[in-house]
Structure formats: C-alpha cells, structure tokens
Amino acid sequence: MARIALCLQGGGSRGTYVAGPLALLMEKEIWADAVWGTSCGSLMGLNYLSKQTHRAEDETIFLCDDKEFFRPYRIFSKEKTMFNYDHLLNQVTHHELPFDYDVFDKNLCKFYAVSTSCLDGKAYYLEKSDLDFLPDAIAASSALPLTSKPVLYHGVPYLDGGVACPIAFEKALEEGYEKIIVIATREKGYRKSEIKPLQWRLVSRMYRDYPFFLECYSRSSAIYNAEMEKMAALEKAGRLFVLYPSEAPKVKHSEMDKKALQNLIDLGKKDAVEALPLLKTYLSK
C-alpha cells in the first residue's frame, strides 16, 4: 500500500485555511503516514495527529479573544515576541481547549515542524519523537520574522520555517513517499515579489547577529517562487496532489478578526469538499 505524506503550508494567519481541509481528511478517514508542517501549518497539523476533527477551527476562533496569546507590543518587552506559544501549548491545551496528548503521543504517524536555523540559514525538520517537541519545536517553526526573537530549540536559534522551506514536498519525495498531499495557503499561480527596502532594513537590524539567516531571508522570495514552480511541475506530472485556495485569502498576516478567519476556514472546507473526488482518484492510482 502506498505511503502517504501530508505537507502543510503556513503563512501567519493565512495558515488557518488548512483547518478546513484537515477536518475533511479526518472525517473521511484519510490518514497520512507522515506530516510536514511549516510555520502555522505545524500548529494546525497537531490537531490532525491528535485526531480532533474540529479543534483547529475552534482554536483559531478562540485565540481571537485570547489577549495573552497575541500582544503586538510585547515585541518591545523582555520576551521580544508578539505570540505566547508557551501559553497556547501549555495553558490552552490543558484547560480551555483540551488537546488529546495521549492520542498524539501514540499516533504512529511521523510529524515534523519545519524551521529555519538562524545559525546556517538552512531548513531543519524537528521531529515529534523528541521529548521536547512541545511547545518549543512548534514555536520555532512559527516564529515569524519581525514578530519574534529566535526561538531556542536544543540550544539552536530558529525562526519561521517558511523562510528556507515554504512547503516540504521535496523532503517527502526524498523520504520515498509515493503519495503526497499538499495543502497550500496561497492561490494557484501566486508568486512573491521582492522584499521591500523598509522590511529588509528592519529584519537586518533585528537579526544582525545571524548573517546566514539574513542571507537566506534575502533570497526568500526567490526560494518561494522556485519551490512553487517545482511544485506545479510535479503536480502536472501526477506526483503531487495540491489543494490551493480557490480565491486569494483576505486576511492580515496576524489576523484577529473572527469573521475574516471563519471565512477563510469555510473557504478551505468548500475547496476540500470540491477537491475530494480528485483526491480519492489520486490516492487510488
């Protein structure tokens, strides 16, 4: 039987699009053998591993009112991060929105949080099997430039996995997975423009101690566009199944508007339902 890999793109709040397709995969009992989640995609993917069908959606809406999770001005405090992943992955998962740690731990599906090392500017795939995976690996994968200081994981500083590896389909191919499902969070054909000068100046100042990360960041648009070209070619050749948003997501990078996020999740649900027959055909070949 063919081994299935699932690759989840991030992109800040845009990554919540993934919640809809994940719910449908769980409802239809489509289970992957390995999951690679990048940035917000790693956070969404946790709920697939715990087999909690609607938790990703519930979590997204809940966090809109959780002032402890997102505080923009905390970037200027000693914490130097807008997002409190320790609160999210310790307090919230044990109380307000219980996470099924037992199912997650016993699930034989492999899970990787894609992160970018600040020391060498390369992508790393932090494994679920590590005892320290939660919360630090998820925080490391999700730490968006300009919203967070680097997150230490086993002594190595990491930032957003999307800088070095937007979607980890090539890693899944390297590992020999025969069927690879990609859930993208940008519409088909989207390509990134060059980094704006002000954005580059701010990033250069904030991460000046990490020249290899900055070098990778300077090429991040080119990296992204090259990856999308490869993905499109592999999709055309039948090697990948890619689910794209059917329309451009209309959310800010750090969106806290419930209606906007619910609309994005609902779009993901609709797109997934419409794509389901083609997905089943792809998996059956």
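Close-up 1. Ile167 lies in the loop between strand E6 and helix H7, where helices (H or I, at least four residues) and strands (E, at least two) are DSSP runs numbered from the N terminus. At 0% relative accessibility Ile167 counts as buried; the term buried means under 20% relative accessible area, exposed means over 50%, and partly exposed covers the values in between, with a 1.4 Å probe and protein chains only. Ile167 and Glu227 are 60 residues apart in sequence, and their C-alpha atoms are 7.8 Å apart in space. Glu227 is likewise classed as buried, at 9% relative accessibility. The structure is a predicted model, in which local features need pLDDT of at least 70 and side-chain atom pairs count only at pLDDT 80 or more, whereas totals for chains, interfaces and linings use all residues. Residues are numbered from 1 along each chain as its sequence is written, and side-chain values use heavy atoms, with hydrogens and water left out.

Close-up 2. Glu170 forms a salt bridge with Lys230, with 3.5 Å between the closest N and O atoms. Because Glu170 lies in helix H7 (residues 169-174) and Lys230 in helix H10 (residues 220-236), this pair ties together parts that are 60 residues apart in sequence. Glu170 is partly exposed, with a relative accessible area of 29%, and Lys230 also counts as partly exposed, at 39% relative accessibility. The side chains of Glu227 and Lys230 meet in a salt bridge as well, at 3.6 Å from N to O. Glu227 and Lys230 are three residues apart in helix H10, so about one helical turn separates them.

Close-up 3. The side chains of Glu247 and Lys250 meet in a salt bridge with an N to O distance of 3.5 Å. Glu247 is partly exposed, with a relative accessible area of 41%, whereas Lys250 counts as exposed at 64% relative accessibility. Elsewhere, Glu57, Asp266 and Lys269 are linked in a network of salt bridges. Leu267 lies in helix H11 (residues 258-284) and is buried, with a relative accessible area of 10%. Although Leu267 and Gly20 are 247 residues apart along the chain, their C-alpha atoms are separated by 7.5 Å.

Close-up 4. Strand E3 (residues 110-117) and strand E4 (residues 123-127) pair in the antiparallel sense over five bridges, pairing being assigned if DSSP finds at least two bridges between two strands. Within this pairing, Ala113 stands opposite Leu126 in E4. The two strands form a hairpin with five residues between them, and in the turn Gly121 has a positive phi of about 70°.

Close-up 5. The position of His154 is in the loop between E5 and strand E6 (156-160), and His154 is exposed, with a relative accessible area of 51%. A cis peptide bond, with omega about 0°, joins Leu134 and Pro135, and Pro135 lies in helix H6.

**Close-up 6. A positive surface patch that includes Lys149.** The patch is formed by Lys80, Lys149, Arg201, Arg205 and Arg208. Patches are made of residues with over 30% relative accessible area and no salt bridge, like charges being joined within 9 Å and nonpolar side chains (Val, Leu, Ile, Met, Phe, Trp, Tyr) within 5 Å. Lys and Arg count as positive and Asp and Glu as negative, while His and the chain ends are not counted; the place of a charge is taken as NZ of Lys, CZ of Arg, CG of Asp or CD of Glu. Accessible areas come from the Shrake-Rupley method with a 1.4 Å probe, and for residues only the protein chains shown count as cover. Lys149 is found in the loop between helix H6 (133-142) and strand E5 (151-153) and is partly exposed, with a relative accessible area of 37%.

Definitions and conventions
Salt bridge = Lys/Arg side-chain N within 4 Å of Asp/Glu carboxyl O.
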